[in-house]
Amino acid sequence: MTDEGEQQEALVKRAEDEREEIFRRYELGLDPSNVVDSWENPTFEIYHITDKYGFMHDSRLPTTRNAQELHRNNIEAERDKKWLKMLGHWPPPADKLHKRVYKGIPDRVRWQAWKRLLNVEHSIASNVGVYARMLQLARKYSTEARQIDADVNRQFRDNLAYRERYCTKQVSLFNVLNAYSIYNSELGYCQGMACVAGVLLLYMVEEEEAFWALNTLITDPKYGMHGLFIEGFPKLTRFIAHHDRIMSKIMRKLHKHFTKHNVDALLYAIKWFFVVFVERVPFSLSLRVWDIFMLDGDRVILSMAITILYLHKDELIRLKDMDAIIEYLQVKLHKNFGYNDDDAIQALERVMKKLKDLKLDVPPPAKSNEFPSRKLGDFVEADMEKKIGRRRNDYTDNEKQVITDVISRQEQNAIEVQSTVSYETSECATGDGYSMKTFQSITSLATSPANSSYSLYSNGFVVTTPESAQDQARSQSIHNLSYLAQQQQQPTHPATASALPNGHHMRHSFSSDSDSRNRLDLDQALEVLQRQQVYMHSSKTPSSQKVYIIQNGGGGTHIANNDDDDDDDDDALSVENTRL
């Protein structure tokens, strides 16, 4: 045997011994003989509060429960009963299931509901003994054990379930990930998988249930997470491109702001897409998104990303450098999202509806490289480089393509922003002159509301209330904009014909089929309303809340009562803004 062959054999033997030692320590678990380094076990002294999900926070427990918390607990108790009854008669009618999932699956029955939505019991019955065999093969052949061990050691360490080194949940997470790296040999293991499996194991009863739930999320085209984790990340590239496309069409000002400060979507959206917003929004909200994700599939992820950016658009535009923007999206929103969970989910549901109306809810079709090409469960022994654990010194073709795609997308975004800037300084945009095409667009918008716009407006209506005008803290765009179902021009109200200050004019760019840049700009309309803060008076009692509707292109204003729920139903982003 040559010296090189002997060296490789020695390296393989060392890797095998290391793998065996890692598995042995997880097998020992919490046995006193399993020595754990002091740095691996965080202390408990600085923590004073643990939430309902097991996560610890550095703050003291409240002495009493407030009325709002008691009300939520009562509602969840009632929903427990309804869900238990519905789970006993599965599957329920689609509309009933949709309504209850969007209201939130009660925590006590969440795993039972997830098992039904992911069809876990059927997977287990169809693959008897497969998980145990994969785990056995992993102990002998896994090349991912070292990386999985490192990731398990840092996953959810602020949660009681994963707090202690080699505790039951850590052992289960280690086993599930290693077994799956053998079962799906083409994918192996990617770091984001630890977080996905970790969430599943917070609610699971057995490792095998979490294993097959993870497999469904990865291989079922409805969720398609294989394309997120496979080398080259083809689904991530496709989703990021579609995310940018949505931003450029309906949130142009924020899109331009991000491009100006070099904030690429890859910098803030990777964890949104990889782990469905876990550790980027409060855990309670991420669970609500997971509920909907399991029901409706991966289109929820794109819609939630847009919802987050729209809800916090004003704050983001005020931040003037890349680091501050990224910190806000990655750190601050996780600590304080600014909206309660119900309002955020209502906004998500309406954004999904509006994106569907605009045919933007679904990205371009997936290519074949986003799905497994090898047969699942067939054992494939790793090559020598993987057995040794040697790192590559160069990029693969897939990795090079990802880099090329990122550069190309950034260049395209810069071109689009420059094009928008050039347009906004033209006569048509500034109002210094009107071309015949712009005049036709205005006339068409005012008289034919059926003409579609690629913005999030519905026929150019904007809604504001006296409360939102007076309270600057509640002047978020989610509260100020409402998409109205009325498909006709509102008459001019004589009492409010002179409500706008003299010399003030509302500026808009209008939609035209022949000019994709010439669209109704919701950002401009919002800025005008915030700047002017129109106050109107009515003969009704001061206690009655009214919504004042300014109709673009109609030259008039209409007063409507706020107790009409039909308007809210067509509002893709109109929810009560409850800043925390």
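D107 and R110 join their side chains in a salt bridge, with N and O 2.7 Å apart. Both ends are hidden: D107 is buried, and so is R110. The model behind these values is predicted.

A second bridge links the side chains of D151 and R154, at 2.6 Å from N to O. D151 has a relative accessible area of 3%, so D151 counts as buried. R154 has a relative accessible area of 53%, so R154 counts as exposed.

## A bridge across the sequence

E370 pairs with R238 in a salt bridge, and their closest N and O atoms are 2.8 Å apart. E370 lies in the loop between α19 (341-357) and α20 (384-388), while R238 belongs to helix α12 (residues 234-250). The pair therefore ties together parts that are 132 residues apart in sequence.

E370 is buried, at 3% relative accessible area. R238 is also buried, at 15% relative accessibility; the cut-off for buried is under 20%.

## Network and total

Some salt bridges share partners. E20, E27 and R139 are joined into one network in this way. The count for the model comes to 21 salt bridges.

## N178 in helix α8

N178 is found in helix α8, which covers residues 168-183. Its relative accessible area is 0%, so N178 is buried.

What does N178 touch, leaving aside residues up to four places away in sequence? The contacts are F23, A138, S142, E144, A145 and I148.

Key:
Residues numbered from 1 in each chain as written. Predicted model: local features only at pLDDT ≥ 70, side-chain atom pairs only at ≥ 80, totals over all residues. Heavy atoms only, no water. Helix = DSSP H or I, 4+ residues; strand = E, 2+ residues; numbered from the N terminus. Buried < 20%, exposed > 50% of the residue type's maximum accessible area, 1.4 Å probe, protein only. Contact = heavy atoms within 4.5 Å. Salt bridge = Lys/Arg side-chain N within 4 Å of Asp/Glu carboxyl O.
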